[in-house]
Amino acid sequence: QVQLVESGGGLVQPGGSLRLSCAASGRIFSINHMGWYRQAPGKQRELVASITSGGSTNYADSVKGRFTISRDDAKNTVYLQMNSLKPEDTAVYYCYARVINPEKNALDAWGQGTLVTVSS
């Protein structure tokens with residue numbers, strides 16, 4: 001059993017910043033990929049950013065240069081620093097992790113989602 005708990009969402013004005021955190025806990029041997037997805041009302045869930053265990057990152061074109069993903073493996077935590085936020089960034093943000101359990105099986109875990117609203 002693995003749990004992902006997100007925090008850091010909220011209401012922010014356009015041009016502002018927020019930092020999302022996602023902590024994984026439970027039966028974890030290691031964590032491979034971690035990432036953030038988002039889903040706006042009436043739209044499909046889309047990848048925002050991802051980071052491998054080696055630190056390689058990938059970003060959606062819409063957030064390149066504004067968002068930064070990072071991870072702290074000692075804390076099993078992934079972060080998303082969001083700067084220069086725009087109203088179109090408004091969505092529920094979901095954390096994702098590909099976890100390896102002590103039995104060396106790979107499991108996909110998702111957080112419950114945290115709402116980010118960008119509005120004046």
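Residues are numbered from 1 along each chain as its sequence is written, and side-chain values use heavy atoms, with hydrogens and water left out. Because the model is predicted, local features need pLDDT of at least 70 and side-chain atom pairs count only at pLDDT 80 or more, while totals for chains, interfaces and linings use all residues.

## Aromatic rings

A pair of aromatic rings is described by the distance of the centres and the angle of the planes. Rings of Phe, Tyr and Trp (its six-membered ring) pair if their centres lie within 6.5 Å; planes under 30 degrees apart count as stacked, over 60 as edge-to-face and the rest as tilted. By this rule the model has 3 aromatic pairs. Two of them are listed here.

| Pair | Centre to centre | Angle between planes | Class |
|---|---|---|---|
| Y37 and Y96 | 6.2 Å | 75° | edge-to-face |
| Y96 and W110 | 5.1 Å | 50° | tilted |

Both pairs connect distant parts of the chain. Y37 lies in strand β4 (residues 30-39) and Y96 in strand β9 (residues 91-100), 59 residues apart. W110 belongs to strand β10 (residues 106-110), and 14 residues separate Y96 from W110. Strands (E, at least two residues) and helices (H or I, at least four) are DSSP runs, numbered from the N terminus. Ring pairs link Y37, Y96 and W110 into a cluster.

How accessible are these residues? Buried means under 20% relative accessible area, exposed over 50%, and partly exposed in between (1.4 Å probe, protein chains only). Y96 counts as buried because its relative accessibility is 14%. Y37 is partly exposed, with a relative accessible area of 23%, and W110 is also partly exposed, at 38%.

Two rings also have a charged residue over the face. A charge sits over a ring if NZ of Lys or CZ of Arg is within 6 Å of the ring centre and within 35 degrees of the ring normal. R45 lies over the face of W110, 5.0 Å from the ring centre. K104 lies over the face of F29, 4.4 Å from the ring centre.

## Strand pairing around β4

Two strands pair if DSSP finds at least two bridges between them. Strand β4, which holds Y37, pairs with β9 in the antiparallel sense over 8 bridges. In this pairing, I31 stands opposite V99 in β9. Strand β4 also runs antiparallel to strand β5 (residues 46-51), joined by 5 bridges. Here R38 stands opposite E46 in β5. β4 and β5 form a hairpin with 6 residues between them, and G42 in the turn has a positive phi of about 75°.

Contact in general means heavy atoms within 4.5 Å.

T77 is in strand β8 (residues 77-82) and is buried, since its relative accessibility is 7%. Its side chain reaches the backbone oxygen of K75 at 2.9 Å. Not counting residues up to four places away in sequence, T77 touches residues including C22, M34 and D72.

N101 sits in the loop between β9 and β10. N101 is buried too, with a relative accessible area of 7%. The side chain of N101 reaches the backbone nitrogen of N105 at 2.8 Å. Leaving aside neighbours within four places in sequence, N101 is in contact with R27, F29 and L107.

Terms used: Polar contact = N/O pair within 3.5 Å; in protein donor to acceptor, adjacent residues only side chain to side chain.
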